[in-house]
Amino acid sequence: MGSQRLWKAAVTVFAVAVTARLLPLLWTPYPFNPDGFMFAAWARDTIAAGALADSIGPHGYVFPTLLSVGTIITGVAPLWLAQPVIAVIGALPPVIAVVLVWRCTPMAGHTAATGAIAATAAGLTLALEGVYLRRTVTVSYEVLGLLFVVALAIAAQRVLQTRRPAWVLVTVLVLVVLPITHHLSTFMAALTLTGLVVLAVARDGRAVLKPGLVLLGPFWGYLGGYYALTRPPYTAEVAAKPGLFVAWLVVLGAGALWLARTSARSARLAIGTVIGSGFAILGANAYWDLFPVTATTPAQLLIYVAPLLVLAGLASWGVPVGTGRTGTRAIVLALLMAPIAWVGFALTAGVDPVYMDFVRRGQTFVHLAAAVCAGVAMVALARRWPAPSRAKSLVTVGVPLVLCLCALVSLPVAFAGLEALAYQGTTTTEEFETATFAATTLDGEWTSDDHISRVSGNYYQTAASPQPTYSWLQGGALRCPTIMQASWQTVGAQRYPDSPRSLDPTVYAATKASNSVVYTTTGADPLTLVVPPNGSTC
């Protein structure tokens, strides 16, 4: 593929990816993800104080700083700027996927047009497929972490291969910034770097051992020491099982070496089994409560993710040609194995909700490598017909088209509400205005479901708890001013990480009739703030 074709593919994918991540602005002006209100509040407070807000955790300095700088430059308030900033950041990994497919395929003898189509399809798949989009449309520092992990993999591989000072500088910068960007992404970066060093040492021996250890040792020491001092969320669960974590580090290194050396058939079978197991666990969780105190898999979610089996199949087939011990293929292999090791650790560590969160968030990091392997697979399949023919045209154009369509079909899961997921990303204008009214008039002496109380707590730092609401939904008495929503009668009230709980319509109507209604909204999903007539005890 010539540079012009690569440029066109990259621009196309970037435009589509940004557009997809701006879609929430069609139905709400607020950040997609209640945590977005927290980042907006941090940026607001940082600008007001002229220094980083005290409420920012030591593992999350970078994104609020970036948002604050953007607000100062543009004059747009953080609450309105957060989604566009995330849209741009989240659109960069799909562009990198285009470049990685291009870098993996020049030696395969394919035509420029075939390579361009495959690279574009891989990038569009990552830009649009619903599971990855769900994580990269949310206003969260994890989106920045996803980008930094890929950037680190590329830069570190260049350091190990060329020792050029420019790449050393980039690598060191990313390594220094990662622990203050996002904690789980930092662990994923360390795993990725470990895989790269193992592959490099196996390839070049002692010549690369010293620079590899110089990168690897200090970074593990840095993240371990920094997180031991600052204790961000989730790190205690990793530290609680050091032996198991080290065992999965060994699996990571051994698995990467084995995949790079084994036969194509064995590699495809192994990765296909791993990915298939992930789908099987998701499906089984719809029928059995595999992870206590967390939501079971709704049937609608299974429908949304089923088309991604096409991506899984193509990615598995493309592993032998998209991964290896050298160059770009080593980058893809490390990016593939690191999240597999992380998810493996989480699944074997226990059924605690935190480990379930490790699984849910960790699998996001494998999507880029899967998309790249799928792109390379399409090129390899096209090469089976060296002469122009109808069959070759069908493979060259038809397979990429099917892959993109499957990604598009899965897209709704990115914006799904409680009917498909246990966590609602969208905050409507009515919801935010109601939360604002409660926060400014009742302080923390009120309650609602996890969504409304989370929005208020993140933006206004109120202490409103959803626990009184949970008790009432389970049949207890309503003793606290409560914001309830009409949709609680159908999809239910959010109780993340547990499944939503619905409210009987007769109870909903009786609650409005027997309590003082002090605030209400109109619209498609009205909210009502009711206050018990005989006083409240929250």
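Which two cysteines form a disulfide, and how far apart are their sulfur atoms? Select Cys 480 and Cys 538, which form the bond in this predicted model, with their sulfur atoms 1.8 Å apart; the structure holds 1 disulfide. Looking along the S-S bond, you will find a torsion of about 90°, so the disulfide is right-handed.

Next, colour the segments on either side of this pair. With a surface displayed, Cys 480 counts as buried because its relative accessibility is 2%, whereas Cys 538, at 42% relative accessibility, counts as partly exposed.

Now move to Cys 404 and Cys 406. The closest cysteine sulfur to that of Cys 404 is in Cys 406, but the distance is 9.4 Å, too far for a bond, given that a disulfide requires sulfur atoms within 2.5 Å. Cys 404 counts as buried at 17% relative accessibility, and Cys 406 is buried as well, with a relative accessible area of 14%.

For the last stop, select helix 9, residues 183–204. Its 22 residues reach 32 Å from the first C-alpha to the last, close to the 32 Å expected at 1.5 Å a residue. Helix 9 is mostly covered, with 17 of its 22 residues buried.

Notes: Residues numbered from 1 in each chain as written. Predicted model: local features only at pLDDT ≥ 70, side-chain atom pairs only at ≥ 80, totals over all residues. Heavy atoms only, no water. Helix = DSSP H or I, 4+ residues; strand = E, 2+ residues; numbered from the N terminus. Expected span 1.5 Å × (residues − 1). Buried < 20%, exposed > 50% of the residue type's maximum accessible area, 1.4 Å probe, protein only.
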